Amino acid sequence: MACGLATVKCSVMLLNLALVLMSLGLILVGATTLSCILFYYSNLRSKKLLALSVISILVFGLLAFILAFYGCYGVVKEKRCSLLTYVVVLVLVAVLQAVAGVLVFVKAECCCESVVIKGLTPVFEGYAKGNGRVDKKFECCGINGSTYWKEAIPKSCCRSAKAPCKHANDTGVYKEGCAAKMAAAINLVGLVIGGISIAMGIVEVACVILTIYLARKLKVRRRLFLDNERKLTAEILAV
């Protein structure tokens with residue numbers, strides 16, 4: 001029984017380690033995405049909902065990170081109360097995290113090129129020299145390409161200072177539109193966050209199952225210990 005208990009404990013510890021690493025990955029991707037939303041996507045109409053979804057993912061990633069250490073503590077100390085608390089909270093976090101992950105994934109999928117165009121149009125219309133941050137970051141030009149600018153091409157659309165960059169068809173001009181590139185970036189983030197969330201969900205389910213099994217094993221061992229102690233006490237008293 002001791003060997004089986006040790007195997008279960010090691011399995012739970014390894015799963016919690018995997019959960020820690022995935023949580024760190026989710027937090028890193030979420031933080032990077034949030035900073036990009038605030039900096040590069042600040043004019044999108046769907047910015048607030050997308051940002052809130054990413055923030056919720058960050059929060060749940062942080063909670064999962066903390067819970068993983070709490071679970072390890074319960075395993076090392078062999079405290080059933082801590083293990084059962086860990087299971088209940090982890091189930092709640094997993095459910096809420098799945099909902100937030102679906103929201104980010106769906107919102108990213110809905111953020112197609114036409115949606116981004118609607119958000120970017122007032123930006124480019126009100127800024128005759130182009131949105132330099134977006135152009136440089138995504139190596140794009142205008143909303144739908146360099147032909148968006150009917151007159152002079154803004155400097156932010158230029159690949160380098162040396163190449164010709166005055167007209168839409170010059171070799172030194174970024175040809176692709178910013179809307180397409182920004183939509184592709186949002187979709188990619190949605191896929192990454194969705195993938196990490198699914199992987200974390202699988203690990204969390206495995207953690208819950210093995211932790212419940214471990215708690216049951218500890219209960220059985222405790223019961224056997226008490227039974228043996230009572231028998232020993234009875235034998236001593238009988239003598």
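Leu-14 lies in helix H1, which covers residues 2-40, where helices are DSSP runs (H or I) of at least four residues and strands are DSSP runs (E) of at least two, numbered from the N terminus. This is a predicted model, in which local features need pLDDT of at least 70, side-chain atom pairs count only at pLDDT 80 or more, and totals for chains, interfaces and linings use all residues. Residues are numbered from 1 along each chain as its sequence is written, and side-chain values use heavy atoms, with hydrogens and water left out.

The protein chain has six helices and zero strands, and its pattern along the sequence reads α-α-α-α-α-α. Of its 239 residues, 39% are buried; buried means under 20% relative accessible area, exposed over 50%, and partly exposed in between, with a 1.4 Å probe and protein chains only.

| Residue | Relative accessible area | Class |
|---|---|---|
| Leu-14 | 57% | exposed |
| Leu-52 | 54% | exposed |
| Thr-211 | 0% | buried |

Thr-211 belongs to helix H6 (residues 178-238) and, leaving aside its neighbours within four places in sequence, is in contact with Val-12, Leu-83, Tyr-86 and Val-87, contact meaning heavy atoms within 4.5 Å. Among contacts in the protein chain with a separation of 6 or more, 70% come from residues 24 or more positions apart.

Leu-52 is found in helix H2 (residues 47-77), and its C-alpha atom is separated by 9.0 Å from that of Leu-34, a residue 18 residues apart from Leu-52 along the chain.
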